[in-house]
Amino acid sequence: MKALGPLAIAALAACATTSADRPAYAPVHGLRMYYEEHGRGRPLVLLHGGGSTVQTSFGAVLPKLARTHHVIAPEQQGHGHTADIDRPLSFEQMADDTAALLEQLGVRDADVLGFSNGGMIAMQLATRHRPLVRRLIVCSSFYAHDGLAPALRKGFEHASAADMPAPLRDAYVAVAPHPEALPAMVAKTVAMMRSFPDIPESALRALDAPMLVMVGDADVVLPEHSLHLSRLVRRGQLAVFPGSGHGTYLGVAEAAKPGSPLPDLAVTMIEAFLDETDPRSR
């Protein structure tokens, strides 16, 4: 895909700084952590994918979700508007960072939706900070290395910034406080993806929060892994989207299909899941 020119990048940067109803920063474990708030209602936390921003992962669905929810969407260490600091990337740390942000915002009980790496962060959040998570939506994500397609796992042996999808690379350059740090962010992400510890299945079985697992039928996360996850947890549901790659059904920037009805369908399914009676209230 052709890279964006300087004028297009400047326009993307302007859009990124004005698209949030309430953009802000918070001091979190040494980070100056960027987050956006949109809408009103029950808190819904959106956790973006690896190498992504709030807008590249959720720009297609966020406005619809914000019609009925108080959407809180942070950008993780080294991603988007949040500058990197001198520590490795880890799913556990990003979950703890997210929990600390929610504590600062006074959020004690939220629904959480994570895409790709954000789904892993969401599951870590649910296992490490269980009272924070009411319902969990895991989109095209994994809890173990063997949930990833073999070709993707092999690709991490030599991945670099040059392999980053153009929409993600251009969005990073447009909004990052230090665009020159892109190769370091990619290197940290690759190191994390090659060495992260699997979430023990016993920890997932112990979760009380209902979980909706979403995946594309042509995803880089194996659909059979998503099926197993949905059956592993106590209150799991599974949605497999036809003709969908990694996040196509959410309209993510790197995999969107113009005119596809899938993002609207995904929002409808997400809303229906979130509106179900909470088992805690029975």
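Predicted model: local features only at pLDDT ≥ 70, side-chain atom pairs only at ≥ 80, totals over all residues.
Buried residues make up 55% of the 282 residues, while the protein chain exposes about 11700 Å², of which carbon and sulfur atoms supply 58%. Among the contacts with a separation of 6 or more, 74% are accounted for by residues 24 or more positions apart.

The charged side chains were examined next. The protein chain has 25 positive and 29 negative side chains, and the centres of these two sets lie 3 Å apart.

Asp109 forms a salt bridge with Arg42, with the closest N and O atoms 3.6 Å apart. Asp109 is placed in the loop between helix 4 (91-104) and strand 5 (110-115), whereas Arg42 belongs to strand 3 (residues 42-47), so that the pair links parts of the chain 67 residues apart. Asp109 has a relative accessibility of 26% and therefore counts as partly exposed, and Arg42, with a relative accessible area of 34%, is partly exposed as well.

A pair within one helix is formed by Glu201 and Arg205, which are separated by about one helical turn because they are four residues apart in helix 9 (residues 201-205). The closest N and O atoms of this salt bridge are 3.4 Å apart. Glu201 is partly exposed at a relative accessible area of 28%, and Arg205 also counts as partly exposed, with a relative accessibility of 44%.

Asp208 forms a salt bridge with Arg234, and here the closest N and O atoms are 2.7 Å apart. Because Asp208 lies in the loop between helix 9 and strand 7 (211-216), and Arg234 in the loop between helix 10 (223-232) and strand 8 (236-241), the pair ties together parts that are 26 residues apart in sequence. Asp208 counts as partly exposed at 33% relative accessibility. Arg234, by contrast, has a relative accessibility of 53% and counts as exposed, because the exposed class begins over 50%.

Methods
Residues numbered from 1 in each chain as written. Heavy atoms only, no water. Salt bridge = Lys/Arg side-chain N within 4 Å of Asp/Glu carboxyl O. Helix = DSSP H or I, 4+ residues; strand = E, 2+ residues; numbered from the N terminus. Buried < 20%, exposed > 50% of the residue type's maximum accessible area, 1.4 Å probe, protein only. Contact = heavy atoms within 4.5 Å. Areas by Shrake-Rupley, 256 points an atom, 1.4 Å probe, with all protein chains shown as cover. Lys, Arg positive; Asp, Glu negative; His and termini not counted. Charge placed at Lys NZ, Arg CZ, Asp CG, Glu CD.
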